[in-house]
Amino acid sequence: MTNPSPDITLYHAPRSRSVRVRWCLEEMGLPYRLERPAFNHGDVGGEAFRAINPLQKVPAMTDHGVLILESNAMVDYLTSVYGPTSLRATPDEPDYARYLEWLHYGEASLSMCVNLFLGHSALLPEAQRNPGIAKWSKTEIDKHLNHIAERGLDGREWLACDRFTAADLSVGYMLFLLKIMKALSDAPDAVQAYWSRIAERPAWRTASAD
């Protein structure tokens with residue numbers, strides 16, 4: 001049974017994984033409130049946010065007393081509780097297994113090398129960066145971008161079900177991080193075109209604006 005009236009609060013910061021969740025909310029047209037924890041170094045959001053997420057990371061999301069701290073779990077929750085929605089594949093669809101694979105790919109296979117590249121290229125203090133790790137992670141990223149082009153987008157506009165789904169939310173956000181790091185410019189043409197389609201979506205523009 002779906003919840004008839006969302007009571008959603010999303011704890012958000014620009015460029016963070018909360019963008020993925022906000023994107024989902026915008027695509028679904030669900031009402032929500034944004035909270036923006038203050039990004040004080042070493043104490044994000046202070047004591048109040050630490051009570052919500054002891055790791056003091058964003059996103060966090062609440063809905064009718066339910067608290068979720070993982071972005072893809074939030075997407076799964078929203079598309080399940082507030083569906084049916086075209087963002088979610090159902091088990092009777094031929095592409096259901098494919099949908100699940102790409103839904104999890106963004107925060108499983110792809111995220112490690114992206115996170116290492118971000119950390120050792122920009123996020124860590126310069127003295128803690130390892131150029132060898134940055135170089136290795138970029139090589140792995142290139143392999144993944146080729147995989148997305150060849151397995152994910154071979155003759156397709158979107159990753160599954162011949163439509164935009166939550167699988168594209170998952171992978172698309174990671175491409176956003178690579179775009180920020182100027183690591184998408186040498187991606188295969190199919191990935192470049194895919195990113196252009198994502199960037200044109202009104203919900204994406206709203207979610208990634210601030």
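Helix α8 packs, through its buried residues, against α1, α6 (131-152), α7 and α9 (202-209). This is a predicted model, so please hear everything that follows as computed. The helix covers residues 189-199, and its buried residues are V191, Y194, W195 and I198. Looking down the axis of α8, these buried residues fall within an arc of 100°, so they line one face of the helix. As a reminder, an α-helix has 3.6 residues a turn, so residues three or four places apart point the same way.

Next, helix α3, residues 71-81. Here the buried residues are S71, N72, M74, V75, Y77, L78 and T79. What do they pack against? The partners are the strands β1 (8-11), β3 (60-63) and β4 (66-68), along with the helices α1 (18-28), α4 (96-105) and α7 (166-180).

Last item, R88. This residue is found in the loop between α3 and α4.

What does R88 touch, leaving aside residues up to four places away in sequence? The list is D76, T79, S80, E93, Y99 and R163. With S80 there is a polar contact, side chain to side chain, at 2.9 Å. T79, another residue that R88 touches, is one of the buried residues of α3. L78 is also buried in that helix; R88 lies ten residues from L78 in sequence, and their C-alpha atoms are 9.7 Å apart in space.

Methods
Residues are numbered from 1 along each chain as its sequence is written. This is a predicted model: local features need pLDDT of at least 70, side-chain atom pairs count only at pLDDT 80 or more; totals for chains, interfaces and linings use all residues. Side-chain values use heavy atoms; hydrogens and water are left out. Buried means under 20% relative accessible area, exposed over 50%, partly exposed in between (1.4 Å probe, protein chains only). Helices (H or I, at least four residues) and strands (E, at least two) are DSSP runs, numbered from the N terminus. Contact means heavy atoms within 4.5 Å. The arc is that of the directions from the helix axis to the C-beta atoms. A polar contact is a pair of N or O atoms within 3.5 Å; within protein, one must be able to donate a hydrogen and the other to accept it, and residues adjacent in sequence count only if both atoms are side-chain atoms.
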